[in-house]
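Here are some notes to read alongside the structure. Keep the 3D view open and find each residue as you come to its name.

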Amino acid sequence: MTVLLDTAIESTTPAAAVTRRPVTGSIHSWDLSTGVDGPGSRFVTFLSGCPLTCLYCHNPDTWRMRDGKRTTADDVIKEAAKYTRFISAAGGGATVSGGEPLLQPVFTGELLHRLKHELGLHTALDTSGFLGVRATDALLRDVDLVLLDIKSWDRETYKKVTGRPLRPTLDFAHRLAGLGKEVWVRFVLVPGLTDDPENIEGVARFAASLGNVSRVDVLPFHKLGEAKWDALGKDFTLRDTPSPTPAQVATAKEIFAAQGLTAV
C-alpha cells in the first residue's frame, strides 16, 4: 500500500500533490540559449528574486521578486514545449535560473519535475547554493545537473562580492557530492577582486575534492549589465574594472586544470 501511495505521488507534480491548485511563481523572463546555461541549446527560465547582491551582477533587475511577473507553471511548460523537438535534437535541455531559483523552491521544484517528466528534457539548476537548504531531496532528484556558482574561496572576498557568507554554498556543494549529483562549478574572474591565484587555487582544490564536478566554467567579468544598474539608480562599483585579458583567463583555467579539473 505504501509503495502504491509513493508511486502515485511521484506520478504527479510535487506542488500539485499538496496544493491541488495551479502552481505560480515570479518570473523575470524566459529565453533560448546555447553554451552558457548547461549542455546544448536550452530553454532557460529566469526567476525573480535573489538574496545576493553581487557586485558584477549583469541582471540586477532580477533581484526583487515583486518586480517579476506572476506566472503559472502551466504557462512555462506550455512555452517550453514549443521548443522540445529542437532542444532534444540539439542535445540540450532546460535550465531554471534567476535571480536565485531556490528563493522559490516550490515553484522551482514544480518546473524541474514537469520539464523532466512531462517534456523529457535534461534539467539543470543554476544556483549560488546560498539557499541550498531549501532544495529538498525530491527537488534534486529532478535535477540532472547543478550549475553551482562559487564566487570566491576567500571568505572576506565572497562577502564583499555577494553581501553574504560563503559557508552555505560549501555545505550545499558537499550535499550534492554526497548525492552523486553532477556539478559544473562556475567562477567569475574579476581583475583585482577574484583573480588572486591563492583564491582561485582554493576554489580549485575544493572543487576537485568533491568528486562530482565534471567541468569548471571560468567566466570573464564583463559590464554588459552596466546600463541596468544605471536604470535602477544603483551604484555599479566595478565601472572602472577592466575585463580580464585572454592571458589572465588562460592562467585561471590552468590553475583549475592543475587540480585535474576540466576548465573551459
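Predicted model: local features only at pLDDT ≥ 70, side-chain atom pairs only at ≥ 80, totals over all residues.

The points below go through aromatic rings, charges over rings, a helix pair and a few single residues.

1. Let us start with the aromatic rings. How many aromatic pairs are there? The count comes to six. One of them joins Phe43 and Tyr83, a stacked pair with 6.1 Å from centre to centre and 25° between the planes. The word "stacked" applies because planes under 30 degrees apart count that way. Find Phe43 in strand β2 (residues 41-47), then look for Tyr83 in the loop between α3 (73-81) and α4 (84-89). These places are 40 residues apart in sequence, so the pair ties together two separate parts of the chain.

2. Is Phe43 buried or exposed? Phe43 counts as buried, at 1% relative accessibility. Tyr83, in contrast, is partly exposed, and its relative accessible area is 26%. The two labels follow from a cut-off: buried means under 20% relative accessible area.

3. A second pair to find is Trp153 with Phe206. This aromatic pair is tilted, with 5.4 Å from centre to centre and 35° between the planes. Trp153 sits in the loop between β6 (145-149) and α7 (155-162), whereas Phe206 belongs to helix α9 (residues 197-210). Here the pair ties together parts that are 53 residues apart in sequence. Trp153 is partly exposed, with a relative accessible area of 23%, while Phe206 is buried, with 7%.

4. Rings can also be linked into a group. Which residues do ring pairs link into a cluster with Phe43? They are Trp30 and Tyr83, and together with Phe43 they make up the cluster.

5. Next come charged side chains over rings. Arg155 lies over the face of Trp153, 4.8 Å from the ring centre. Trp153 is also the partner of Phe206 in the tilted pair. In another place, Arg215 lies over the face of Trp184, and the distance to the ring centre is 3.9 Å.

6. Now for two helices. Two packed helices are described by the angle between their axes and the distance between the axes. For α3 and helix α5 (residues 105-117), the angle is about 35° and the axes are 10 Å apart. The crossing of α3 and α5 is right-handed. On the α3 side, the meeting residues are Ala73, Asp74, Val76, Ile77 and Ala80. On the α5 side they are Phe107, Glu110, Leu111, Arg114 and Leu115. What kinds of residue make up this contact of α3 with α5? Seven are nonpolar, three are charged and none is polar.

7. A peptide bond deserves a look too. Gly98 and Gly99 are joined by a cis peptide bond, with omega at about 15°. You will find Gly99 in the loop between β4 (93-97) and α5.

8. Compare two loop residues for accessibility. Gly180 is in the loop between α8 (167-179) and β7 (183-189), and it counts as exposed at 58% relative accessibility. From Gly180 to Val213 the C-alpha distance is 9.6 Å, and the two are 33 residues apart in sequence. Pro244 is in the loop between α10 (226-231) and α11 (246-257), but Pro244 is buried, with a relative accessible area of 11%. Not counting residues up to four places away in sequence, Pro244 touches Leu189, Pro191, Pro220, Phe221 and Val249.

9. Lys234, in the loop between α10 and α11, is partly exposed at 34% relative accessibility. Arg167, in helix α8, is partly exposed with a relative accessible area of 43%. Arg167 and Ser243 are 76 residues apart in sequence, and their C-alpha atoms are 28 Å apart in space.

Definitions and conventions
Residues numbered from 1 in each chain as written. Heavy atoms only, no water. Phe/Tyr/Trp six-rings, centres within 6.5 Å; stacked < 30°, edge-to-face > 60°. Helix = DSSP H or I, 4+ residues; strand = E, 2+ residues; numbered from the N terminus. Buried < 20%, exposed > 50% of the residue type's maximum accessible area, 1.4 Å probe, protein only. Lys NZ or Arg CZ within 6 Å of the ring centre and 35° of its normal. Axes fitted to C-alpha atoms, helices over the stretch in contact; angles between N-to-C directions. Left-handed = near helix turned anticlockwise from the far one by under 90°. Contact = heavy atoms within 4.5 Å. Nonpolar A, V, L, I, M, F, W, Y, C, P; charged D, E, K, R; others polar.
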